[in-house]
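Please examine the sequence and the model before reading on.

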Amino acid sequence: MTDPKQVADQHAVVTRRYFLQAGAAGVVGLSAAPLWASKGEAASALADEIAKLEYLTPEESFKFYGRGKPRPHTLPPEKLREVGLARDTWQLEVVADPESDSKVENPLSKELGNALDFEGLMGLAEKHAVRFLHVMSCTNGKSPCGMGLWEGVPLREVIWKAKPASNVRRVFYYGYHNDDPEQRFQSSLPIGRVLEDPPGEHPVILCYKLNDRWLSPKAGAPVRMMVPDAYGNKSVKWLQRIVLTNSFQANDTYAGWNNDTASHIKTCARFLHVPAEVKSGQPIPITGVAQVGMSGLDKVQIWLSPENAPLPSDDPHFTRAEWRGADVLPPPDDWGAGLADGKLPPTPRQVDPATGTPHTWPLRGTIAHWATLLENVPPGRYDLRCRTIDANGAAQPMPRPFAKSGHNAIQKMSLVVKA
């Protein structure tokens, strides 16, 4: 079961005023919604829970995974500098795979003395840097690891500096893991995904900032991969080496652990705040987060049923249950995570630079918060579930219910209403 506090602690002010007025006539989009028709105590209770939410996750609240003994980010500062995990000592190699017939005319390597250093990366950033909002999610995790504003240089700009000539099918890349083959963490992408983006999609980037601040060692400093639309296993931290290969096979560490590493992140809903126990007659504010995958998000729904009520064996995804709508929150006024004045830096791919508001909402590849209010629930013990309906009309966990390609099972929480 997901710990509601794990993500709830991450998301700051999301238009408190908007929801304090939820029961008043004339509130666009909510005034006609029966779930928001309550006033007074009920509206205030829901507003209190929504005010705890913060959209961008402060880096210290992110759930970052680091493997190895010791984990790279735990190395002392002098060791970080020694192994190239400080901005003034970092170097990135881009070379041909010696075990394939790939041709690279200008390999970047430490041996040749021309590996890309951080100053060189910043030189590329002056012309090519991009920022985008994106959720970080683990393939097997039950809730997002964090929501960030990522900044970096498209990987293709560095690939082209190495002048690949022929026989390149995949890009293998590696992060520092104590120079121990047993601890190696690696991943790969088709060369086409690196060199060309579908219209409106973000490029794969060499990331050096999170939420407008330099990455910390725990977050993968000084440079990590950031692969949009993918689960976190693709976004290798502590990046140091890129190999261009003609191999048709992926090299992903996670693939060796029986995971589908080519799967895009999925659309799914999770609870943030569900009171474990309330008194009969009290309004019950519920908040949650929706991870918005490649198929977008149309709506969020909840289903309240008596605890351990019999479930039909021929309907494993509860498609015939009495689902009811929850409200998806609008973009926040304050994006959180310590951004200056709570405003986003210019993000042309997703946000109107003139108004600072997203072009569309919710944004694919990000999160959206949702909320609802339960009233007049009789005393008893209940199961509460949530799900998404994606922009194609597919109800969670469809259209991709398989766990090894990303966890999106319907979540269940317990609720007790006492007399």
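Five strands make up an open sheet with mixed pairing, in the order S3-S1-S12-S7-S8. Its edge strands, each pairing on one side only, are strand S3 (116-117) and strand S8 (186-190). The model is a predicted one: local features need pLDDT of at least 70 and side-chain atom pairs count only at pLDDT 80 or more, while totals for chains, interfaces and linings use all residues. Residues are numbered from 1 along each chain as its sequence is written, and side-chain values use heavy atoms, with hydrogens and water left out.

**Terms for strands**

- Helices (H or I, at least four residues) and strands (E, at least two) are DSSP runs, numbered from the N terminus.
- Two strands pair if DSSP finds at least two bridges between them.
- Strands of a sheet pair through backbone hydrogen bonds, either parallel or antiparallel.

**Strand S12 and its partners**

- Strand S12 (residues 239-245) is mostly covered, as six of its seven residues are buried; buried means under 20% relative accessible area, exposed over 50%, and partly exposed in between (1.4 Å probe, protein chains only).
- Strand S1 (residues 91-96) runs parallel to S12 and is joined to S12 by four bridges.
- Strand S7 (residues 170-175) pairs with S12 in the antiparallel sense over six bridges.
- Arg241 in S12 stands opposite Glu93, and Arg241 is also the bridge partner of Tyr174.
- Val243 in S12 stands opposite Phe172.

**The eight-stranded sheet**

- Eight strands form an open sheet of mixed pairing, in the order S13-S15-S18-S17-S16-S19-S20-S14.
- Strand S13 (268-273) and strand S14 (277-279) are the edge strands of this sheet, and each pairs on one side only.
- Neighbouring strands of this sheet are turned by 35 degrees against each other on average, direction ignored; the axes are lines fitted to C-alpha atoms, for helices over the stretch in contact, and angles run from 0 to 180 degrees between N-to-C directions.
- Seven bridges pair strand S19 (residues 380-389) with strand S20 (residues 411-418) in the antiparallel sense.
- Gly380 has Val417 in S20 as its bridge partner.

**Aromatic pairs**

- Rings of Phe, Tyr and Trp (its six-membered ring) pair if their centres lie within 6.5 Å; planes under 30 degrees apart count as stacked, over 60 as edge-to-face and the rest as tilted.
- By this rule the count comes to 15 aromatic pairs.
- The pair of Phe62 and Phe64 is stacked, because the ring centres are 5.0 Å apart and the planes stand at 10 degrees.
- Phe62 is buried, with a relative accessible area of 5%, and Phe64 is buried as well, at 13%.
- Phe62 also forms an edge-to-face pair with Trp150, at 5.9 Å centre to centre and 80 degrees between the planes.
- This pair links distant parts of the chain, 88 residues apart: Phe62 is in the loop between helix H3 (41-50) and helix H4 (77-82), and Trp150 is in strand S5 (residues 146-154).
- Trp150 counts as buried, at 0% relative accessibility.
- Trp90, Phe118, Tyr208 and Trp214 are linked by ring pairs into a cluster.

**Cavities**

- A search of the whole structure finds four cavities of 30 Å³ or more; on a 1 Å grid over the protein atoms alone, a cavity is a set of points where a 1.4 Å probe fits but cannot get out.
- The largest cavity holds about 220 Å³ of space; a volume is the space filled by probe spheres set on the points, with grid points joined across faces, edges and corners.
- Its lining comprises 20 residues, of which Tyr65, Arg224, Gly232, Asn233 and Lys237 lie nearest the centre of the cavity; lining residues have an atom within 4 Å of a point.
- The lining of the largest cavity divides into nine nonpolar, seven polar and four charged residues; Ala, Val, Leu, Ile, Met, Phe, Trp, Tyr, Cys and Pro count as nonpolar, Asp, Glu, Lys and Arg as charged, and the others, Gly among them, as polar.

Notes: 1 Å grid on protein atoms, 1.4 Å probe; cavity = no way out; pocket = protein on both sides within 12 Å on 5 of 7 lines; lining within 4 Å.
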